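Notebook open, model loaded. I want to jot down a few places I looked up, one at a time.

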Amino acid sequence: MKKNDIVNLKIIDTTLQGAGVGKIDGLTVFVDSAVTGDEVEAHILKVKPNCAFAKIHSIITPSKNRVDAACLSYPKCGGCSFRHIDYKTELLIKENNVKNNLKRIGGVDPEFEPIVGLATVGYRNKAQYPVSLEKGELKIGFFAGHSHRVIDCPDCALQPTEFSKAVAVFKEFLLKNNISIYDEETHKGLIRHIYFRKAVVTGEIMVCLVVNGDSLPKSDEFVEQMKSVFRDDLKSVVLNVNKDKTNVIMGQKCVTLYGDDHITDILCGVKVRINPLSFYQVNHDVAEKLYEKAAEYAEPDGKTVLDLYCGAGTIGLSMAESAKKIIGVEIIPEAVTDAKHNAIENGFENAEFFCGDAAKAAEKLKNDGIKPDVIIVDPPRKGCDAELIATITQDFAPDRVVYVSCDPATLARDCRLFKEHGYDTVKAATFDMFPRTGHVETIVCLNKQLFQQ
Ligand code: SAH
C-alpha cells in the first residue's frame, strides 16, 4: 500500500478524534470522518510502519450511525470530530475510550456509571475566535485541525447564536474602520482574537478583545456595536493586551473598556465571578452534574477538603456549605482573586485559597501541618506531576482522592501511579462536557487500600 492508493475498507472501530479504523493485511488505517459500520473507498494519504492515514474517497455503504453533519465548516474547522455520527453512538465511543484507557494504560477496572450527555447545540459559554487576514480576506472563526489557518465559522452550532451575530458585526466594524489584523509571521497588526463569555444563569455577557497593542481605535463605536447585539446583557467589555510572539491566546494585562472587569454566573447555587483570565467550565449544565458527582464521591460533610487546580474555586465552593473547611490551590493569580471573592460573596468563611503550583503548595501545606480528609485534583490535560501524587499519597495519605480529568490517557497514567502508591480507582463516571468534539471529561474516586488504613 502506498500514498494515493484507493482501497476498499470496512470500518470496524471509531477513535475519539472521530476517525474510522480499518485494517488492510493487518495494518491499521485511520480514515478521517468515517464511522464503525461504514464501507468506504479510502484514499491513502500517508503510510507509516505501524499504521496509515486516509480520507474518504467515496462511501460504498454508509453506517447506520452516520448522520448529516449539518455544518458548512465541518470537518474543515478543527472544532468538532463527531458531527457525522449520531449522538448516542458518540457517547458510546467516548465512554468506551475512557474504559479502554483506564484498563490498558491504567491497569485499573473501576465500577462505571453511564455517561452523562445533555444539549449538543449552543452549549458553550465561551468562544475564542482567532482573527486573521488570509490572502487579503478577513477571517474570524476557528483554526483548521493541526494548523493556524483560520476557517470562517459564521454559524457554529456549539456556540450561543448571539456569539455568531457579534462576530458578523465585529467583522463589519473592522472592515469599515480599516483596523489592522495581527500577523503571526511578521508580528505586526493589532487584532489577535475576539472572545465571548456568557454566564448562562444570569445571562451576563463579557466581550474580550485580544490585541497586539495598548488601545483600540474607535473603541466607543466597538462598545456600541457589541451593545447592539447583546443589549442589556452586555456587562463587560475588556481589552486584553498580548504583545508577545506566542501561541498563547491571552496576555496578562486587561483594560476595561465598558462595564465591569468580570461577569457573574451561578453554578451549583454558588455565585461565581468570572474574569477574562480565569478558567471556568465551558458547559454550565454538564459542569453542575460533574460537581454533583464530585460531591457524591468526596462526601465532604464535616471534612477538610483540599481542592487542587481549583480555578475560581468552583468545585470546593460547591461543597463549602457542608464541609468543615475548603483549601484551594491555583496557579493563575486572577483566578485566585476570583476564588477569594467568590468565597466572601457567598458568605463562606471556611474557604481559603492560595496561589501557586499545586505540587509546591501541597508540599508547603503538608509542612504547615494541614491534614485534609479528602483531596480533589482537577489538572489540565497533562495531568498531575509525579511529585504531587507522591505528596498526596505518602504525606497527606487521605482516605479518598477525587480526580477530575479532561484527558483519559493522562488520567489513566496517573491512576496507575496512584495504584502503585496504594490507592485503588474504585468508581468512574464520564461526562460529555464537549459534545460533538473529541474531548470527554471523567471523574474517578480513588480509595486508600484497606491494608494501608
Ligand atoms: N477546578 C476548576 C479548574 C479546572 S481547570 C474548575 O472546575 O473550574 C485546571 C486549572 O488548573 C486551571 O485553572 C489552571 O490555571 C490550573 N493550573 C494549571 N497548572 C497548575 C499548576 N501547576 N498548579 C496549580 N494550578 C494549575
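Is S73 buried or exposed? I get 5% relative accessibility for S73, so it counts as buried (buried is under 20% relative accessible area, exposed over 50%, partly exposed in between, with a 1.4 Å probe and protein chains only). Before going on, I note that this is a predicted model, where local features need pLDDT of at least 70, side-chain atom pairs count only at pLDDT 80 or more, and totals for chains, interfaces and linings use all residues. Residues are numbered from 1 along each chain as its sequence is written, and side-chain values use heavy atoms, with hydrogens and water left out.

**S73, continued.** I find S73 in the loop between β6 (51-61) and α1; helices (H or I, at least four residues) and strands (E, at least two) are DSSP runs, numbered from the N terminus. Leaving out residues up to four places away in sequence, S73 touches I151, D152, C153 and P154 (contact means heavy atoms within 4.5 Å). Its side chain reaches the backbone oxygen of D152 at 3.3 Å. That is a polar contact: a pair of N or O atoms within 3.5 Å; within protein, one must be able to donate a hydrogen and the other to accept it, and residues adjacent in sequence count only if both atoms are side-chain atoms.

**Helix α1.** I traced α1 over residues 87-104, 18 residues in total, and its first and last C-alpha atoms are 25 Å apart, close to the 26 Å expected (1.5 Å times one less than the number of residues). At the N-terminal end, D86 is the cap, with a side-chain oxygen 3.2 Å from the backbone nitrogen of K88. Buried residues of α1 include Y87, L91, I93, V98 and L102. I see the buried residues of α1 packing against β2 (13-14), β7 (111-116), α9 (408-420), β22 (423-431) and β23 (441-448).

Q281 sits in the loop between β16 (270-274) and α4 (284-298). With 4% relative accessibility, Q281 counts as buried. Beyond its neighbours within four places in sequence, I list its contacts as N125, A287, L290, Y291, D378 and M433.

Which residues come nearest to the ligand? Of the 16 around it, they are Q281, Y291, E330, D357 and A358 (near means a heavy atom within 4 Å). A side-chain N or O atom of Y291 is 2.6 Å from a ligand oxygen, and one of T314 is 3.2 Å from a ligand oxygen. D378 puts a polar side-chain atom 2.9 Å from a ligand nitrogen.
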